[in-house]
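Hi,

Here is the structure I promised to send over.

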Amino acid sequence: MKQCKFILLVALAIAGCSEKKEEKITDIPVTTQSKEAAASFQQGLQLSDEGDVQKARLAFAKAIEQDSTLGIAYLYKANTATSNKEFMDDFAKGKAHLNSASDWEKMYAELENTYLTGDYDKRIDVAKKIADKYPDAARAQVELGNTYLGSNDFTRSRQCYTKAVELNPKWIGGYSSLVASYLFNEPKDFKKAEENALKAAELAPSNAGVQITLGDCYRAENDLEKAKAAYSKAIELSPDNSAGYYKRGHANVFMGKYDEARKDYSEAGKYDDIKTNKDFNIANTYIYEGNVGAATKYLSDAMAKADMSTEPDDKKVGQKLGFLNSSAMIALHTGDGAKLKELTTMMQPLSDMISKEIGTQEAKLQGEAQVLYWQSIAAAAAGNYDEAKTKAEQIKTTLNPVKDPLKLQQYNFALGYLAMKQKNYGDAVSHFEKADPNAIYNTYWLAVANEAAGNKDKAGTLYKEVANYNFNDIGYALVRSDVKKKASMP
C-alpha cells in the first residue's frame, strides 16, 4: 500500500491517511513526513502567537533543518526576517516547496505574495477563501481580520477577531488580536482591551507575551506603574526576550525616567537580533526630554556605527534608511527644508537598493513614491510650493498601477502639509483626514489644521486623543510635550 504523507493539524493531532474519518481542521494543516519538523513548526507558531519573534525564528529554522522541504516553515520564518533579502530568500524557498502541500499552505503563499505586489483585492480574496475552506480555524479568522485592516475596515476586522475567540476560546491569538484592535483602531476601548488581555492571562499566566499585552493595556489607561510592573514580570519570565526591556523602557519614558529608559533600551539591544532597534528608542528619549539636537546627533552617530559594523550589506541598507527617516521626521517637524533636502538625497540610493532586493515592480514604484514624498515635504518646508505640489502629484501618478486602497495616504499627508504652509487650512483638514488614521503624528497634524481652521472643539478632542496615546514612536516623541499643554493635561 502506498505510504500516506502525514499531516500535522497544529491545534489537534497528527491526522492519518485519507481513508480515515475526516476531522475538523482547526489550524494550519502542515504537510511533512517528519514528526520532529512538525513539532518544531508548531512550537514556532506558538512562540509567534505569544509575540516572541526571536525564538519563533529559531523554531522555524529548526523545523527546516529537520525537513528542508517544509515550505510553510520557510514562509513563516520569512515573517521573522531581519532584512528584506532574508525575507525574499525564505519566501522563494517556501514557494518552491509547496507542490504537495495543503490548500491552506498554498493559499498562504498567495496571501503573502500580495504584500509584495500591493494587490489588496487579491489579498482579501485569498484570505476569504482560507476562512471559507477552514471554517473551524480561529487562525484563519485572525488572518482575515488582519487583511481587513489593510483597508482600514476596523469593524470587519474586529468581527473576525471576535469570531476567532468564539471558535477557539482557549487560544490566546484571538484575544491578542482583539486587544490590539481596541487599543489602536476606532472605536478604541481601553477597558475592553484590558478585559481581553486578562482572559489571555488566565489561559497563560506564566507567559511573557501575555504580560506585555497586559502592560500595554495599563499604559493605554495611563496606569504607568502597573504597566511597568507587568513588563518587569515579563522580563522575569523571559529574561532573554528583548520585548520586555523595550516595553519597560517605554513606561519609564512616560514616567519621565529617561536614564532608566535608556538602560532598558540598551539591555534590550543585547537580546535583539536587530541591534539598531535600541538606537531609535534611545534617540526618542532625548526628544521627549526636549533636546532635539541630541537626538539628531545620536541618530547620526548610530548611522555611522551601523555603516562600519560587520553586519551584511543588505541589513546595513535597511538600518541606514531607518536612521535617515527618523532624522527626516525631526527635520519635518522643525521645518528644516535644507536638512530635509540633504537627507532625501541620501535616501534615494538606499531606497533603490531595497526595491532591487525585493525585485517586484510594485516595490520599485513604492520606493520611488517614498522618495517623492520626502522631496515634496522638503520643498514645502523650504517654501518651494510649486515644486512640492509637483512632487506630490508624481506620487499619485507613480502609484497608479498599485492595487492598494491605502496607497495615497502619504500623498494626502504631503498635500496637507503643503496646504498648512500656504495657510489653506480647510484644504489641510481635508487632506489630513485621508492620511493614515493609525499614525499618531498624522492625528496631531489633523488637530493643528482644525485649530487653524477655527474648528476648536474638534481640535481639542484630537489633542486629547494624542495626549493620551502613551505609545512610543518618533512622531509622538516630537509632539507629546506640545499636546499635553494644548490638552491642558499635566
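Let me start with Asn470, which is found in the loop between helix H24 (456-467) and H25 (helices are DSSP runs of H or I with at least four residues, strands are E runs of at least two, and both are numbered from the N terminus). Asn470 is buried, with a relative accessible area of 1% (buried means under 20%, exposed over 50%, and partly exposed in between, using a 1.4 Å probe and protein chains only). Phi of Asn470 is near 65°, a positive value in a residue other than glycine.

Before I go on: this is a predicted model, where local features need pLDDT of at least 70 and side-chain atom pairs count only at pLDDT 80 or more, while totals for chains, interfaces and linings use all residues. Residues are numbered from 1 along each chain as its sequence is written, and side-chain values use heavy atoms, with hydrogens and water left out.

Lys423 also has a positive phi, about 65°, without being a glycine. Lys423 sits in the loop between H21 and helix H22 (425-432), and it counts as exposed at 61% relative accessibility. You'll find Pro187 in the loop between helix H9 (172-184) and helix H10 (190-203). For context, most residues other than glycine have a negative phi, and most peptide bonds are trans.

As for the whole chain, it has 25 helices and 3 strands. Its radius of gyration is 23 Å, close to the 23 Å that the globule rule gives for 490 residues, so the chain is as compact as a globular protein of that length (the radius is taken over C-alpha atoms, and the rule is 2.2 Å times the number of residues to the power 0.38). Buried residues make up 53% of the 490.

Then there's the second largest pocket, lined by 37 residues, with Gln370, Gln410, Asp436, Ala439 and Asn442 nearest its centre. (A pocket is an open set of points on a 1 Å grid over the protein atoms alone, where a 1.4 Å probe fits, with protein on both sides within 12 Å along at least five of seven lines; lining residues have an atom within 4 Å of a point.) Elements giving two or more residues to that lining include helix H19 (361-381) and helix H23 (440-452). H19 provides the largest share, 5 residues.

Cheers
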